[in-house]
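Here is a friendly briefing to read alongside the model. Please keep the sequence and the 3D view open as you go through the points.

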Amino acid sequence: MPYRAPISDYELLFRHVVGFDKIAATEKFSEASEDVVSAILTEAGKMCEEVMAPLQRPGDLEPARLENGVLRTSPGYADGWKAIAEGGWVGMSGDPEYGGMGLPIALTTAVNEMMSAACLSLQLAPLMSQGQIEALEHHASDELKALYLPKLISGEWAGTMNLTEPQAGSDVGALTSKAEANGDGTYAVTGQKIFISWGDNDFTQNVCHLVLARLPDGVPGTKGISLFLVPKYLPDEDGNPGVANDLKVVSLEHKMGLHGSPTCVMQYDGAKGWLVGKEHGGMAAMFTMMNNARLGVGGQGVGAAEGAYQHALAYALERKQGKTPSGTIIDHADVRRMLMGMRADTFAARAIMLANAAAIDMANATGDSEWSARAALLTPICKVFGTEAGMRVSETGVQVHGGMGFIEETGAAQYYRDVRVTAIYEGTNGIQAMDLVARKMMDGGEAASRLLDEIEDHAEQARATLPDLAGPVWEATESLRETTEWFVAQSDMNTRFAGAVPYLHAFARVLGAHYHLKAAQAEPKGPRFKLARYYINALLPEYAGLLAQAQNGADDLYALSAEELVA
């Protein structure tokens, strides 16, 4: 499927919206100049357009398969991985000591989104490795770092996360996988894991699994979990893949989408592994991986939205139906409504994603706790709004195609099928919303209040030049502040949880308006202004209904008993 990398969007967002200049001004990221960023985006965009985009349909039509215990990936995926690895895209933000580029997460996030738009199934592979790289950088011993990080960063080896079990999904603490000390500093890991993205491949020398398991003295629940690094092949004395470890792919899941990405059931039978972090400290390392993945998954949603939008736009420019000035459906008002909504939502989701990544970079570069709190606050919003924008936009893309959207040959449905799982994995969207109104408000709402202050201050400043856009943004932000204060005042967590999802969506709508307003200021008479006007006039007003729903409480949710729901 043809794909054009939206380089101009990234450059505008970096320059005028998410404050990339602050990142480049830090000592840690001083080499991330505007010229360097532009060159990296251009090269990554070229790779996505020329190498990855042509793999989108083949991966869907010829899925990964398991033949006599050997995993075979989709046609062309090996060459795609080679391009990703040789371009340095796996380890962009990795520690330079181990071969990484040490670039800002914001830049890696932009590149990951481009890869997601071009071929989401293949992009999952480097994303898994990136999560493992970050976890090892933060929690592994120096010996493990020295052996594994250079191989993972170069793409010679690949990484995975093994968290879920049949009885332990969102409730990770219910896992039954166990680990026992071998007496030589290693551990024997036994258990079965499901839903393991890219649990194996046929194009890297080794596959390194991060596996959650419980030691014999581990207490029940999450506090008794440890994390282990379990490679497919045990490294020999020279650090090269040696004998096979006692693990295998039992089967591949038959999925709604992401057919090119093998989702594996993994079996570990006393497989040799190495402890990562402290005994019973697996949750700390897991959250490092999960937070990395939540930003990445939000970006996958944005990428799918971009791909679906471009696909629908191309069809609308060619499809002749009815009488219009151009002769094609792009001039029909309803088609324009869909395309404008798709583009406006994608831009808003992209801006939230990059703002989230920029906050992480600023926290890493400065150690400032307020930046850490900002990053934590934005992470669930980025994950939920990014993935749901991906679903919403890709579903609308099917509608733009009309009847042909329901026909698989057009490829429109693939974007929706592929992106649908992003609202489920790495923490379901409902759980993300619950996290926003619970853990992220343990500070009494201070992090949220600081962000709302910034939005209102900017809207006040923008009134001088764009009063028709700035006014609604300020009013929406003030309403959001009042609802935030209401949530903080609720001592009953179930009351908070009942309204968590609409509250998060209202927060995202306001954030999207804020970033659109900034973009409009950068191009006050250009396309960005026109797109911002549509978003603020047509989409932002949704916040009022969402906030009303958010404060409705839990009583109505439980008004019908379980028996009455069945009846």
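The 17 residues of helix α13 should span 24 Å at 1.5 Å a residue, and the end C-alpha atoms of α13 are 24 Å apart, which agrees. That expected span is 1.5 Å times one less than the number of residues in the helix. Helices here are DSSP runs of H or I with at least four residues, strands are runs of E with at least two, and both are numbered from the N terminus. This is a predicted model, in which local features need pLDDT of at least 70 and side-chain atom pairs count only at pLDDT 80 or more, while totals for chains, interfaces and linings use all residues. Residues are numbered from 1 along each chain as its sequence is written, and side-chain values use heavy atoms, with hydrogens and water left out.

- The buried residues of α13 are Ala447, Ala448, Leu451, Leu452, Ile455, Glu456, His458, Ala459 and Ala462.
- Buried means under 20% relative accessible area, exposed means over 50%, and partly exposed lies in between, using a 1.4 Å probe and protein chains only.
- An α-helix has 3.6 residues a turn, so residues three or four places apart point the same way.
- Among the elements that cover the buried residues of α13 are α10, α14 (467-489) and α16, where contact means heavy atoms within 4.5 Å.
- Helix α8 (residues 282-318) has 37 residues and reaches 53 Å from its first C-alpha to its last, close to the expected 54 Å.
- Because 30 of the 37 residues of α8 are buried, this helix is largely enclosed by the rest of the structure.

**The second largest pocket**

- Two or more lining residues come from each of α2 (20-24), α9 (333-366), α10 (369-400), α13 (446-462) and α16 (500-522).
- By class, the lining of the second largest pocket divides into 10 nonpolar, three polar and eight charged residues.
- In this scheme Ala, Val, Leu, Ile, Met, Phe, Trp, Tyr, Cys and Pro count as nonpolar, Asp, Glu, Lys and Arg as charged, and the others, Gly among them, as polar.
- On a 1 Å grid over the protein atoms alone, a pocket is an open set of points with protein on both sides within 12 Å along at least five of seven lines, a cavity is a set where a 1.4 Å probe fits but cannot get out, and lining residues have an atom within 4 Å of a point.
- Grid points are joined across faces, edges and corners, and a volume is the space filled by probe spheres set on the points.

**The cavity**

- The structure holds one cavity of 30 Å³ or more.
- About 30 Å³ of space lies in the largest cavity, which is lined by Ala125, Ala158, Gly159, Trp198, Asn201 and Phe203.
- Four of these lining residues are nonpolar, two are polar and none is charged.

**Tyr10 in helix α1**

- Tyr10 belongs to helix α1 (residues 7-17) and counts as buried, at 0% relative accessibility.
- Leaving aside neighbours within four places in sequence, Tyr10 is in contact with Leu41, Ala110, Glu113, Met114, Arg350 and Leu354.

- Gln267 sits in strand β11 (residues 263-276) and counts as buried, at 16% relative accessibility.
- The side chains of Gln267 and Gln192 make a polar contact at 2.9 Å, meaning a pair of N or O atoms within 3.5 Å; within protein, one must be able to donate a hydrogen and the other to accept it, and residues adjacent in sequence count only if both atoms are side-chain atoms.
- Leu66 is in strand β1 and is partly exposed, at 28% relative accessibility.
- The C-alpha atoms of Leu66 and Ser251 are 7.1 Å apart, although 185 residues separate the two along the chain.

**Positive phi values**

- Asn68, in the loop between β1 (65-67) and β2 (70-72), has a positive phi of about 50° although it is not a glycine.
- At 84% relative accessibility, Asn68 counts as exposed.
- Phe195, in strand β5 (residues 187-197), is a residue other than glycine with a positive phi near 60°.
- At 52% relative accessibility, Phe195 counts as exposed.
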